[in-house]
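Visitor: I'd like to go through this one with the model open beside me. Could you tell me what backs up each label as we go?

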2 protein chains.
Amino acid sequence: MNRFALNQATTKGWPLPELARECAAAGVAGAGLWREDVQAYGPAATAALMRDCGVAVTSLCRGGFFERPDWWDDNRRALDEAATVGAPVLVLVCGGLPPGSRDLDGARGRVADALGALAPYALERGVRLAVEPLHPMFCSDRCVVSSLRQALDLAAPHPSAAVGVVVDTYHVWWDDEVWTQIERAGRADRIACFQVADWVTPLPAGVLLGRGLPGAGCVDLRRFREAVDAAGYAGPVEVEVFDAALWARPGRSVLHEAIAAYRTHVA
Amino acid sequence: MNRFALNQATTKGWPLPELARECAAAGVAGAGLWREDVQAYGPAATAALMRDCGVAVTSLCRGGFFERPDWWDDNRRALDEAATVGAPVLVLVCGGLPPGSRDLDGARGRVADALGALAPYALERGVRLAVEPLHPMFCSDRCVVSSLRQALDLAAPHPSAAVGVVVDTYHVWWDDEVWTQIERAGRADRIACFQVADWVTPLPAGVLLGRGLPGAGCVDLRRFREAVDAAGYAGPVEVEVFDAALWARPGRSVLHEAIAAYRTHVA
């Protein structure tokens, strides 16, 4: 249980003070937060709340979307917010194709450029940028980084303290290269964040909210946890599940189910 | 236009005799057919119909689904049907995980074994098995072969006359390795079938029927056609689009729109 962390997306809509208090009461040592909630509560107030409850902020979601005109200001703000709340990691969802574009190589090049531009500021703020490969079904509209290999290639030019990667089981479970790439990520000290969710079909319309708690689907989640461990990762394991059915339930109940699912299928 | 072929899935529900006559009237030289329609019309009758209309059968969809108990008999039957209708290629959708399984490596191993078992009979019948990598969003329930590299690795142990691959833009467009793998496929004479459909978001529930005619989405389809050409492929270009909105329209209208889309965005 010392590694379990609740990602706030799993209990979307649950007020932050309740989340922090219930995590503390359940012995949960960490939580990954989302910017919209942190902004609404106030970054400094969030930092104080989490500190008072003794719950570490394991990551802040999310920067990225480098195809948008305001990407530069927005990502610097995101790094500021991460520093304020004490998140060691800013998760990057790197963005899709610009409207009307078919230039996937160009979009991928833009991600590389943006990382180069942001890395010095990330070091300055003491926050690690974490490139998250998203499942290829999100390639056009959310993230042109589609594999762990690509994410590691993007991170490679930068100090590992500036740029790491996210290993999220939901996004990479299908990839037969993922085991060798996890080893590579460990050797290069690039695993900034490890998130678990299970793959469930049929996918819902829009495909964003079809994830499952550990054990609900077909991913060998324990194998992933053992693989990142073997690669030298000893950080938090965030349970991050986007599922509208979970959001309709009381946060406390979802938290306790997530903990039980983690114990049975991940730990 | 000498390479355009209509895949029957684009005009699902259109009676086969109409499809054959309208293809002939439009100067379409080939059509990819589906087993359910061929079985309903009769394989020998289908062969006669297509021959009389002067429309070649470019492929038969589909064999595969090697996780099902009846895979052996069913795939041999599929090869028989392909031989009867004169299809040079049997497209394989290799199947997903068995119910309740989390053993992805095991499922992939089963595909390799099945190809080995079927290859001699494919040679005997003069029909090429074509491994189709499907988009990773279908990995659990339709096809554990998720990239062109994987498909080529699976084909490699067998004579190229027995086992080739399908390059379908809808399934592989996101893959940054696809260009080098298309070159590899050409060098090894493995491109058995080339299919085009465009990637459109948001995806519908179930994600099967969300494809677009060429030009409707974000895939650089002409680059793919040029890449397979440069790799030495000179065969048909099947427009294969699964889209419930197209199925609701008269087949003839869809055929003519597919031809126009092919001319503008692929040829």
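This is a predicted model: local features need pLDDT of at least 70, side-chain atom pairs count only at pLDDT 80 or more; totals for chains, interfaces and linings use all residues.

Visitor: Which elements make a right-handed β-α-β unit in chain A?

Guide: Strand β3(A), helix α4 (residues 71–85) of chain A and strand β4(A) do. By that definition, the path from the first strand over the helix to the second runs clockwise when the strands point away from you.

Visitor: What makes β3 of chain A largely enclosed?

Guide: A residue is called buried when its relative accessible area is under 20%. In β3(A), residues 56–64, that goes for 7 of the 9 residues, so the rest of the structure largely encloses this strand.

Visitor: How do you know that β3(A) pairs with β2(A), and what joins β3(A) to β4(A)?

Guide: Pairing takes at least two bridges. β2(A), residues 30–34, has 5 bridges with β3(A), in the parallel sense, and A:W34 has A:C61 as its bridge partner. On to β4(A), residues 89–93: 4 bridges join β3(A) to this strand, again parallel, with A:G64 partnered by A:V93.

Visitor: Which strands close into the barrel, and in what order?

Guide: There are 8 in chain A, running β1-β2-β3-β4-β5-β6-β7-β10 with parallel pairing. From one strand to the next, the twist averages 30°.

Visitor: What joins β7(A) to β10(A)?

Guide: You need at least two bridges to call it a pair, and β7(A) (residues 191–196) and β10(A) (residues 237–239) have 3, running parallel. A:F194 stands opposite A:V237 there. Helix α9(A), residues 221–230, packs on the sheet and touches β6, β7 and β10 of chain A. Its direction makes about 165° with that of β7(A).

Visitor: Over in chain B, how do you know that the length of helix α4 agrees with what it should span?

Guide: Its 15 residues, 71–85, should span 21 Å at 1.5 Å a residue, and the end C-alpha atoms are 21 Å apart, so the two agree. Just after α4(B), B:G86 takes a positive phi of about 80°.

Visitor: Which residues of α4(B) are buried, and why do they count as being on the same side?

Guide: They are B:N75, B:A78, B:L79, B:E81, B:A82 and B:V85. They cover an arc of only 160° around the axis, which puts them on the same side of α4(B). Their packing partners in chain B include α2, α3 and β3.

Technical notes: Residues are numbered from 1 along each chain as its sequence is written. Chains are lettered from A and ligands numbered from 1 in the order in which they are written. Side-chain values use heavy atoms; hydrogens and water are left out. Helices (H or I, at least four residues) and strands (E, at least two) are DSSP runs, numbered from the N terminus. The expected span of a helix is 1.5 Å times one less than its number of residues. Buried means under 20% relative accessible area, exposed over 50%, partly exposed in between (1.4 Å probe, protein chains only). The arc is that of the directions from the helix axis to the C-beta atoms. Contact means heavy atoms within 4.5 Å. Axes are lines fitted to C-alpha atoms, for helices over the stretch in contact, and angles run from 0 to 180 degrees between N-to-C directions.
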